[in-house]
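Here is a short walk through a protein model. Keep the structure in view and follow each stop in turn.

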Amino acid sequence: MNEQAKITAADLPALARNPANFIAGAWDNAESETFPVVNPATGETLAHLPKSSRETARRAIAAANAAQPAWAKVPLWNRAALCVKLADAIDANLEDLARILSMEQGKPLAQSMGEVGKAADGFRMNAELVKYMTGETIPGETPGRQVITRRFPRGVYAVITPWNFPVNIPTEYLAPAIATGNTVVWVPAPTTSLVAVAFMRVLAEGGLPEGLINLVLGEGATVGDEIVVNPGTQAIGFTGSAATGKRIAERGAGKPMMLELGGNGPMIVRADADLDKAAEAAAGGAFGNAGQICAATGRVLAHEDVATPLAEKIAELAKAQVVGDPMHQGTTMGPLNNAAVAAKVAEHVSEAIADGARVLAGGSALPDAGSGLFYAPTVLDGVTPEMRIAREETFGPVVPVIALGDDAELMRVAKDTEYGLSMSIFSKDLETAMAMSGELSAGIVNINEGTTYWEIHMPFGGGSGTKSGIGRIGGKHTLEAMTEIRMVSVPIPHFG
């Protein structure tokens with residue numbers, strides 16, 4: 001583990017200083033209460049941010065409603081041009097945004113640079129795709145009438161985003177909302193609200209018109225709940241835990257929603273699989289971002305003939321991880337983001353060990369680290385399907401390996417889950433792998449690739465009947481979700 005550098009508020013780039021809400025095109029810091037944002041690598045407080053009230057959230061909703069009708073009438077090509085302009089602004093501030101992200105979230109700086117770069121890509125992608133949002137001309141049964149369909153923005157979007165990808169995930173909602181003529185009230189996760197302020201400042205200084213995106217900082221139970229239940233928001237976008245998603249679905253009932261929730265993605269490894277590739281994919285999906293990914297390698301379901309050598313290969317990759325200061329060039333894994341996540345990871349692992357799982361790598365926190373939030377990359381062998389670590393989302397750098405029999409048992413255990421976000425299959429027999437993929441209830445099934453493989457133009461979301469959410473984000477799918485389709489019938493007079 002490399003040494004931790006002391007980072008204080010004075011080290012923050014200017015973009016993150018003087019944090020405040022952003023409402024109706026102006027910075028607003030009228031709150032009497034604040035909450036701290038802490039560097040998870042060192043435990044040092046970076047800043048105090050306003051803990052907003054419901055009244056502040058209502059002002060933001062009013063600002064979004066005031067701006068939306070005029071923005072919806074702006075020509076589509078102008079809205080697309082703004083998205084390109086905002087992408088350029090993100091690129092121009094990429095390094096500062098990435099530094100703030102790493103200081104506050106804990107992921108290595110190289111990963112933060114990649115995340116911010118993807119945000120710029122997201123704005124550019126939406127600028128292009130929105131130009132091809134078309135309606136239809138449909139034959140009608142009534143003589144002299146023609147039926148067409150048109151797409152219109154839904155109005156004001158309530159957007160609530162998590163801390164694991166605090167720039168990329170907001171972009172997945174903000175960019176298509178702006179491109180399609182909607183406006184937004186955005187509540188970011190408290191533990192990564194500082195980078196949200198910096199990102200908002202980049203967008204504002206990049207030419208964002210007044211009222212299009214309104215940033216409200218504070219607790220989800222207060223301001224998040226307000227933007228969900230308030231009749232001034234017409235639709236909801238949320239990425240986060242299944243439990244919170246369920247509450248949002250109940251509180252916002254009747255509004256269109258995109259809910260991207262949790263996962264416990266199984267990686268199925270058949271006896272004929274390339275074990276080196278499977279091990280690399282499992283490690284990448286479990287140790288990237290310290291395993292704090294909804295599509296992470298939740299469990300490896302391996303044929304009993306290859307389970308032990310596969311687990312050993314993953315363990316070697318776990319031991320090769322460089323855990324430490326996210327700002328250090330050689331770091332490959334930083335700390336967990338907060339104490340609640342760290343406690344859950346420790347609980348899952350200790351309970352599995354008590355139930356008979358064997359530790360091949362890691363297996364404990366790293367107490368010598370300054371913040372107490374570092375956890376060793378962990379591989380557990382001898383895990384059984386009944387263990388809690390195999391059934392719940394751990395959200396940490398842990399790979400549970402479960403040895404199973406034939407394909408039928410691999411499939412039975414893979415499907416025995418409440419989650420259905422992302423799954424993968426490793427096999428040299430593509431015909432069999434394709435057949436297996438058709439039997440899995442998941443939004444994503446990757447063959448000979450890890451559970452985290454996804455690209456921003458692809459659909460991302462949970463399988464039907466699972467706790468992994470509803471709807472799809474990514475590319476044209478978000479644009480379609482953020483618009484409502486309207487049938488318009490018109491008389492077509494006959495000539496002559």
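**Cysteines, helices, a sheet and some loops**

Cys83 is buried, because its relative accessible area is 0% and burial means a value under 20%. This model is predicted. Cys294 is buried too, with a relative accessible area of 17%. Next comes the matter of sulfur pairs. A disulfide is a covalent bond between the sulfur atoms of two cysteines. The count here comes to zero disulfides, with a cut-off of 2.5 Å between sulfur atoms.

Turn now to a pair of helices. Helix H1 covers residues 54-73, and helix H7 covers residues 220-229. They pack at an angle of about 35 degrees. Their axes lie 9 Å apart. The crossing of H1 and H7 is right-handed. Which residues of H1 meet H7? They are Arg54, Ala57, Arg58 and Ile61. On the H7 side, the partners are Ala221, Thr222, Val223, Asp225, Glu226 and Ile227. The residues of this contact divide into five nonpolar, one polar and four charged.

A sheet is the next stop. It is open and has three strands, in the order S5-S6-S20, with antiparallel pairing. Strand S5 (137-138) and strand S20 (483-491) stand at the edges. Each has a single partner strand, so one side of each is left without a neighbour in the sheet. Strand S6 covers residues 145-153. How many bridges join S6 to S20? There are nine, and the two strands run antiparallel. For a place to look, find Val147, which stands opposite Ser489 in S20.

Move on to helix H14, residues 476-481, where Thr478 is found. Is Thr478 buried or exposed? It counts as buried, because its relative accessibility is 2%. Leaving aside residues up to four places away in sequence, Thr478 touches Glu172, Pro176, Met258, Arg472 and Ile473.

Two asparagines in loops close the tour. Asn289 lies in the loop between helix H9 (275-287) and strand S13 (299-303). Its phi is near 55 degrees, a positive value in a residue other than glycine. At 4% relative accessibility, Asn289 is buried. Asn448 sits in the loop between strand S18 (444-447) and strand S19 (469-470). Asn448 also has a positive phi, about 55 degrees, although it is not a glycine. How does its accessibility come out? Asn448 counts as partly exposed, because its relative accessibility is 35%, between the limits of 20% and 50%.

Conventions
Residues numbered from 1 in each chain as written. Predicted model: local features only at pLDDT ≥ 70, side-chain atom pairs only at ≥ 80, totals over all residues. Heavy atoms only, no water. Axes fitted to C-alpha atoms, helices over the stretch in contact; angles between N-to-C directions. Helix = DSSP H or I, 4+ residues; strand = E, 2+ residues; numbered from the N terminus. Left-handed = near helix turned anticlockwise from the far one by under 90°. Contact = heavy atoms within 4.5 Å. Nonpolar A, V, L, I, M, F, W, Y, C, P; charged D, E, K, R; others polar. Buried < 20%, exposed > 50% of the residue type's maximum accessible area, 1.4 Å probe, protein only. Pairing = 2+ DSSP bridges.
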